[in-house]
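Student: Could we go through this structure together, one question at a time?
Tutor: Gladly; here it is to look at first.

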Amino acid sequence: MKSNAGKTKMPKINYFRCMLVLVVMSLVGCSIAEKVNSTGGMVWSSARDEAELVEDSGVVIGEQDQIDGGFSSLDGMLHWAIGNSDPATLKEAAKDAEKMSLDELQKRQLELKELVEKLKMPSDAKLMQIAIDDLKNSSLSLEDRHRALQELLILVEPIDNANDLSKSGGLRVVAGELNHDDTEVRKLAAWVLGKASQNNPFVQEQVLELGALTTLIKMVNSSSVEEAGKALFAVSALIRNNIGGQEKFYAAHGYIMLQDVMRNESLDIKLRRKAVFLVGDLAESQLQNTEKAELPIFNDRLFLKSVIDLIAVLDLDLQEKALTAIQTLLQLRYSEPQILKEFCGLEGALERMKLQLEESMADEDKRDYAADVESLRGEVELIFRQKLGLL
């Protein structure tokens, strides 16, 4: 992708699609629907005739005509255009086209055929390779580097595409962008890696082997809210339901990063929500995998206090996520309720939270959500009292 000063360029994906639509519109507008009879004369058909032609042809758009996202032939595009157009409009267009000479029609048809060949939509694999090749270009403008990553962000959504990106070596190239000087590039690279890794063990392993996890953990401390958020998203996507990834996370002291995020009141509330949600996810993984060795972080006083202190923050979403994490932590076989009571102040925090939620339930806009959070708070309090031996 070459940049042109003063010009705004759309991503290749959108460019191809927009141009494809323009071609279809041209085909419908010209209504190249002529049939040459045995005498060599022109026989024009009505819009209804053309609709029947498409139906009778047996062409199945999506199976035969759409190749790599495009059409296999001009006829295929014409059939699609007619089948998806208003018959009255087509009839009017056919009347206009009757006024054109045979030479003019043939010339127009040839031009459209050439345009179709030029604009045949590349496959996702080809588009990904184009984006990766662009990223490899050290002289690529910052604008085009952003664009290449934005295209990959769309393309890696399907799991097969994410796997293809890994097999082609594209993940290594994207991971390298995490060290770029530009904040936006780093943010987009983290986002792409997170998208590709979601619920995809194969890609998770590839990214972990590249050593990207340590870099992403450090990026969560970025002064850029967006970069920090996408980095934490990528960390979460890499280690979720991945025991090996979680071990690397603990080894890299990722839990300290989570603790710092949860304790820092000046940070964006969304980042703190993501952090405590990941804590709950890690605790759930520990609860489900009983054969795993007990992790000392789940009995670390400062770490636990950073989770419990969040239920005092006046944000129902954050409080709900914190309660969910605490509920899971309490169910771990080696949890120590006395630490939670005496050092972390869980008992008093739950009582104060009850009063705060009662006030929230008096607000019509918050009533339902606050009631749900209060129900969860009650469940947590019950488990806590059971662990203390009070029930």
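This is a predicted model: local features need pLDDT of at least 70, side-chain atom pairs count only at pLDDT 80 or more; totals for chains, interfaces and linings use all residues.

Tutor: Residues are numbered from 1 along each chain as its sequence is written, and side-chain values use heavy atoms, with hydrogens and water left out.

Student: Is leucine 390 buried, partly exposed or exposed?
Tutor: Buried means under 20% relative accessible area, exposed means over 50%, and partly exposed lies in between (1.4 Å probe, protein chains only). Leucine 390 has a relative accessible area of 45%, and therefore counts as partly exposed.

Student: Which residues form a nonpolar patch on the surface?
Tutor: Patches are made of residues with over 30% relative accessible area and no salt bridge, like charges being joined within 9 Å and nonpolar side chains (Val, Leu, Ile, Met, Phe, Trp, Tyr) within 5 Å. Accessible areas come from the Shrake-Rupley method with a 1.4 Å probe, and for residues only the protein chains shown count as cover. The nonpolar patch has about 300 Å² of accessible area together, and its members are Leu382, Leu390 and Leu391.

Student: How many Å separate the C-alpha atoms of leucine 171 and valine 203?
Tutor: Leucine 171 is found in helix α9 (residues 170–176), and because its relative accessible area is 2%, leucine 171 is buried. Along the chain, leucine 171 and valine 203 are 32 residues apart, yet their C-alpha atoms are separated by 8.5 Å.

Student: What is the relative accessible area of phenylalanine 298, and is this residue buried or exposed?
Tutor: Phenylalanine 298 sits in the loop between α16 (269–288) and α17 (301–308). In sequence it is 31 residues from leucine 329, while in space the two are 7.2 Å apart, C-alpha to C-alpha. With a relative accessible area of 3%, phenylalanine 298 is buried.

Student: Which residue meets glutamate 143 in a salt bridge?
Tutor: A salt bridge is a side-chain nitrogen of Lys or Arg within 4 Å of a carboxyl oxygen of Asp or Glu, and the structure holds 15 salt bridges. The side chains meet at 2.8 Å, N to O, and the partner is arginine 147.

Student: How many residues apart are lysine 195 and glutamate 157?
Tutor: Lysine 195 forms a salt bridge with glutamate 157, the closest N and O atoms being 3.1 Å apart. This pair links distant parts of the chain, with lysine 195 in helix α10 (residues 183–197) and glutamate 157 in the loop between α7 and α8 (159–167), and they are 38 residues apart.

Technical notes: Helices (H or I, at least four residues) and strands (E, at least two) are DSSP runs, numbered from the N terminus.
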